[in-house]
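User: Please take a close look at a single part of this model, the interface between the two chains, and describe it in one connected account. I would like the criteria behind each term to be stated.

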Amino acid sequence: MATPVKVYGPAMSTAVSRVLACLLEKNVDFQLVPVHLAKGEHKKPDFRKIQPFGQVPAFEDEGISLFESRAICRYICEKYTDKGNKGLYGTNPVARASIDQWLEAEGQSFNPPSSVLVFQLAFAPRMKVKQDQVVIKQNEEKLSKVLGIYEKRLGETRFLAGDEFSLADLSHLPNTQYLVTTSGRGEMFTSKKNVGRWWNEISSRQSWKKVVDMQNKGA
Amino acid sequence: MAAIRVHGTPYSTAVARVLTTLYEKELEFEFVAIDMKAGEHKKEPFLSINPFGQIPGFEDGDLKLFESRAITKYIAQEYADKGTQFKCGDSKTAAIIGVWTEVEAHQFDPVASKLTWELAFKPRYGLATDTAIVEENEAKLAKVLDVYESRLAQSKYLGCGCITLADLHHLPNIHYLLGTQAKKLFDSRPHVSAWVDAITARPAWSKVLALQKQQG
């Protein structure tokens, strides 16, 4: 019988890959349903029924339809508490509060400048869109400040929310992967002792390696 | 001394987000004013609460937190049995509420914050509003509110049939925008308009506005 868990969107999308990483960490079987972004499939009325903002991913499980990658990840952790990595979203309220704090930091401080850079440096060239050097410079400066704060934090704890790998770290994987491997900006991460160490650890996880594999295979 | 302390200024949208949640939950707390002009938020001891040097900072006993939406979530969880119950269903409803909470954070806030800055704050500081930015973001906000209009035609509040953090998180920016030309974007959409009326009428929100007046 086919799994009820469906993720709509290509693995190369950063937000889609966030959800895939979470499903793989939690050992939850899923089906990846292709959405043809280049053809604008995500902007069409049929797709907007499951994602009204016309973005990927969209997600389904038995009797539920969701969107927004970080909400989907939280749902997966809550629904499948006993599967795979049990501590991914914390095993007590204090741990969870710390994870939520760093997940918000990712969403509000890390994601905006890093997403712009991923688009400008990794996607614009493929899409034959002209790069904006002013925008690139502004966002490099913003991201650099954020990574300075991360450097200090990761000198105090092994991972962002504490000493265990969590959803907060996982949420950083998609954008950082592109910045380190495709965009020639790897030094922003690897030249910092603690951030470099952290990146090595989180990107070496089996779950993330599988996602990268899916991306490379054009899933 | 109250176990719960909020550091910041009540005019800040992020601080107001936390304050309204505390008032909804009927919790005692101490408000610790941060001197933004003196850059107090960029120095110790504030940085040991929020290393990003942004308000709010939050304490509950020994626990320290930053990021307003993580703070409100903690408050709702820790004090689930007090004050307003931010839920009306099962775990599936909780997941839907989670979706619309992310929508506020990633679809609404980036656009609304820019408009709040240009139309509400810049005039106060004697700075010139950038009309190009306003035009661009009013167009974006219109598209977001079109989605809200459809959603609120099916659901009384964004997450479900009762008020939750997904709705409350919008209050600080909406409050400022209602005092500007952007008001028309909310007024012209009947379900959005009714929802705005409902959330801005909350007694807890009036208490936040009273604190803003009091703190000058």
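Analyst: Chain A and chain B bury about 2400 Å² between them, and 67% of that area lies on carbon and sulfur atoms; buried area here is the accessible area (1.4 Å probe) that two parts lose on being put together, summed over both. Of the area that chain A buries against chain B, Phe53(A), Gln101(A) and Gln108(A) supply 25%, more than any other three residues. This is a predicted model, in which local features need pLDDT of at least 70 and side-chain atom pairs count only at pLDDT 80 or more, while totals for chains, interfaces and linings use all residues. Residues are numbered from 1 along each chain as its sequence is written, chains are lettered from A and ligands numbered from 1 in the order in which they are written, and side-chain values use heavy atoms, with hydrogens and water left out.

The model scores ipTM 0.96 and pTM 0.97. Chain B averages a pLDDT of 96, with 99% of the residues scoring at least 70; pLDDT is the predictor's confidence in each residue, from 0 to 100.

In terms of contact (heavy atoms within 4.5 Å), 30 residues of chain A meet 28 residues of chain B. Across this interface there are 7 residue pairs in polar contact, both residues being at pLDDT 80 or more. A polar contact is a pair of N or O atoms within 3.5 Å; within protein, one must be able to donate a hydrogen and the other to accept it, and residues adjacent in sequence count only if both atoms are side-chain atoms.

On the side of chain A that touches chain B, two or more residues each come from strand 4 (64–67), helix 3 (69–79), helix 4 (93–127) and helix 5 (133–156) of chain A. Helices (H or I, at least four residues) and strands (E, at least two) are DSSP runs, numbered from the N terminus. Helix 4 of chain A gives the largest share of that side, 12 residues. The residues of that side divide into 16 nonpolar, 8 polar and 6 charged, where Ala, Val, Leu, Ile, Met, Phe, Trp, Tyr, Cys and Pro count as nonpolar, Asp, Glu, Lys and Arg as charged, and the others, Gly among them, as polar.

Between chain A and chain B the count is 2 salt bridges, each a side-chain nitrogen of Lys or Arg within 4 Å of a carboxyl oxygen of Asp or Glu. Asp100(A) and Lys73(B) meet through their side chains in a salt bridge (3.2 Å, N to O).
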